[in-house]
Amino acid sequence: MRYEIRVEGHLSETLAKAFPELGHVVMSGQTVLFGPVVDEAHLYGLLARCQSLGLRVVEMRQLPE
Amino acid sequence: MVSPVAETDENAPGLTGPTVPCTGPLGDPFLRTRIVLPTRPATYLRRQRLVDHLDQALRTPLTLLNGAAGAGKTLLAADWAAGLRQPVAWLTVEVGDRRPGVFWAYVIQSLRACGAPASDAVEAPADATGVDQRLLAALAAELNDRDRPVVLVLDEYDRVTAPEVAEQLEFVLHHAGRGLRLVLVTRTEPLLPLHRYRAADELTEIRAAELAFTPEEAAALLELHGLSLPVPAARALVDRTRGWAAGLRLSALAALESADPELYLKEFEADRSTVADFLLAEVLKGQPEETQDLLLRVSVLERFCPGLANALTLRTDAGPILAGLHRGNAFVEYLGHSWYQLHPLFGEILRAHLRERLPGLEPELHRRAARWLRRSGFLPETLAHGAAAGDWDFAAGALVDDLAIGQLFTGLRSGDLTDLFSRMGPEARSPATDLVRAARDLSRYNLDRGLTRLRHAEEHLADDASEAAPEPAAVQLSCALLEALAARLTGCPSQAERAAEAADELRQEVPAHLLDKHPELTALLLTHLGSARLWAGRFEDARAALTTAAGAPGGASTVLPREDSMEHLALLDYLNGWPGRAERKALAAVSEAERVGLPQPSGSGIGQLVLAAVAVDRHELSRAQALIDEAARPSSGTRDPVTAAGRALATARLLLVRGKARAAVQAADPAVSAVVASPWAAGHEALVTSAAHLAEGRPDEAAEVLQGVSGDQPACAVEAAAIQVAAGRTGAAIDLLDSIRTGGRTGPAVTVRAALVRAQAAEGSGDTATARRLVAQALLDARRERLRRPFLDAGAWIRPLLAMPPLHELAAGWLTPGLPRHGEQPRPESLPPPLVAVELSGRERDVLERLARMMSTEEVAADLYVSVNTVKTHLKSVYRKLAVNRRGDAVRRARDLRLL
């Protein structure tokens, strides 16, 4: 599965390293994290990581393969 | 401003305090920091609208305080709770509490710290993986009986992820009635049926939107930080941070560091970076170099004190830096007694910075932390950081050095420890790591691998000169424990004796406080020693070791070995022919395990097997079958010779009574390989084989089988005598019986059979008076124990005797009327109820009868003109006496016992 997670605001390079398994791109006031997600547990783990870093998730969706 | 910094003491890493017990069921030195209300910083802004709303929590069973990290939930709850007149129990949940047993151990500890529950009826659970429903029911009942409710606040409840914990919490909340007010402080929606509470108006909810700061509140908060901001400017800031408390606090700190705070905030409002990320980087940048370095390094720790922080920075300035940070209300929170923690949100972000600024340093920081924590006596934290550093030699060394290796087998931590060390790779090669691996293999009955590793560890003990090497005496004592376990599993008493002797000497060489801290080490060792002795038939020596182990102190940490020992003692009594004593001990073992919430059956399952064998002797066949089925958990104890022999004994005897001779012979073989033979196991196998021969009409073979076994087995001698009598060789039979060396320890299960053989001999030689006297004596002895089998097995000759007075009266009510034909189930109405540990009272019986009529608790209360609470109290004791935990089970058990 591939997912993209949009969070509010521009993520610094430093904090983006908290998601080493994902790529990221900053656009129009948001940061898009994207990449392969192993399973559901990983997905929820990513969400929890966003939460514990104080990030506001705006959108999350599965990408077509 | 009163600063708690005044009480800090750099040299005291430990936590002490007189008000609440410092160490919990887990011996956790940090317990105190988790069950006291967090202190509010000087810059805390009380928001009356939230406090007022939270006051509703006193009127609803459940309150939810739900919001993102840094939304100000914890401080709000703490501030509100501090103003309550009701008793407040506080618990900050940690990740390690995800196992239900650990979670409830801490909940009970926090409740106890505020004086509820007051009684000892509720013990802390002893098994991390599960909690017995009875324990929760007892806790709920205790809370329900309170006049004033307890407010229980569970902070960071989002760390509880196990659905069963939510179910258990729901159960306790429901049954505690007005006695409990639960407040969950959480980042995520808990798995409770909130809609139901909401619909019943039983839920107080404060969520993110309500927690968000209004512009006026934001202005007031900034004021506390010494920043004066007009409301419109504050509104813009609130828009930018969405009223997020942590964001506001950080922006105040960042602004204060800039030359023009107001301008700074304006620029921040226009900026588009993520709030926490940006602000934290800004605030961090404003700190002196040393402070930044310290903050990054301590981000790998859950909590820290100046000494520990110094160990990570390799400097000595942590004390003043931490005090200053706390005073400035930046990054750190004070836990009391010179311990601090990072705000969880900042911790995550700081770790991201650490990885960038000091790449590759993390393992080294964990290693330094582990060394400091070990020196200061914090074992679980030492192990966690040792594991995080991948330094397994060190972690295993610390475990062994602390004499904590027994915790891999028993106690609340065993699951966590096993998980922790399961990540250990083959590259760790120290003797201590081999001991940990050996312990893991042995606990899974993987004997060959376990023994190889144990030998390997022992051979390389001397080579271990690393700085992580534990004390030699501690290693040898750990070896002795594993040797004793291996000896038990291989049925080798001499090896167990050697291990126990070595342990006795080694105990003088290790620090006494470590032995006191780990009572499970000695309890486990003695249990294994006793089990090996029992296997070899050395009953009195076994009893000595097992009795000591069964009386070991230590609560939860020793409950498994204590239960195991008690069950072995029960088997011992059974083998000596005392079914009543055996039953009492087996039930005592079970009830002790229940009191601490161990799921049943726990341990080796010998207790169930003993009860089953007793049930066969009493001719309670379906009960025996049920008990054997209950004990027949495959994985557990299959390689344990004593358990295997116990299972073989109970199963074969039941099959025999049911007339399945061939199957009985097959089942009688315990199929274990043991170093020494077990006289009693062999004796019982021979008894079953002999009985099968008899049943199939081969008396000579039957006699021969019995000749092969040791003359020390009274039960075999009696059976051999019975065969001689049946063959008409009375003299030989009497010789056999006279040769039995009882030593005064043989109980009715043997003596009753012996008396019946003598009676048969007397009857055969025409001496009816003697026969009658002997049968009378046998009936008297058997009646107390309700031993029916010997009479059912005796044969046809006894029936006319039993029909005669006075034997008729002696047999009536428990054995007759209408003695059934051999092998036939006696008519149920002729049976007295099997033992109920304690008789039910009249009132308990009333309640039970109404339960059987499917009446609810309320209906029963109305019907009996008593309160619902009284009914619950009766129910509780009915459950206890019947050893059940559900209504349906109580009714079923009562029907089985013919109480209804």
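Reader: At what angle do helix 44 and helix 46 of chain B pack?

Author: Helix 44 (residues 842-852) and helix 46 (residues 868-882) of chain B pack at about 95 degrees, and their axes are 9 Å apart. Axes are lines fitted to C-alpha atoms, for helices over the stretch in contact, with angles from 0 to 180 degrees between N-to-C directions. Helices here are DSSP runs (H or I, at least four residues), strands likewise (E, at least two), numbered from the N terminus. This is a predicted model, where local features need pLDDT of at least 70 and side-chain atom pairs 80 or more, while totals for chains, interfaces and linings use all residues. Residues are numbered from 1 along each chain as its sequence is written, and chains are lettered from A and ligands numbered from 1 in the order written.

Reader: Which residues make the contact?

Author: B:Arg843, B:Glu844, B:Val847 and B:Leu848 come from helix 44 of chain B, and B:Val871, B:His874, B:Leu875, B:Ser877 and B:Val878 from helix 46 of chain B. Contact means C-beta atoms, placed from the backbone, within 7 Å. By class, the residues of this contact are five nonpolar, two polar and two charged. Nonpolar is Ala, Val, Leu, Ile, Met, Phe, Trp, Tyr, Cys and Pro; charged is Asp, Glu, Lys and Arg; the others, Gly among them, are polar.

Reader: Switching to helix 27 of chain B: buried or exposed?

Author: Mostly covered, with 16 of the 17 residues of helix 27 of chain B buried. Buried is 20 or more other C-beta atoms within 10 Å of a residue's own, exposed is 12 or fewer, partly exposed lies in between, and the C-beta atoms are placed from the backbone.

Reader: What span should helix 27 of chain B have?

Author: At 1.5 Å times one less than the number of residues, helix 27 (residues 519-535) of chain B should span 24 Å, and its end C-alpha atoms are 24 Å apart, so the two agree. B:Gly537 follows helix 27 of chain B, with a positive phi near 80 degrees.

Reader: How many residues of chain B touch chain A?

Author: 21 residues of chain B are in contact with 16 of chain A. Helix 17 of chain B gives the largest share of the chain B side, eight residues. That side has 11 nonpolar, four polar and six charged residues.

Reader: What about chain B overall?

Author: Chain B has 47 helices and seven strands, and 53% of its 900 residues count as buried.

Definitions and conventions: Contact = placed C-beta atoms within 7 Å.
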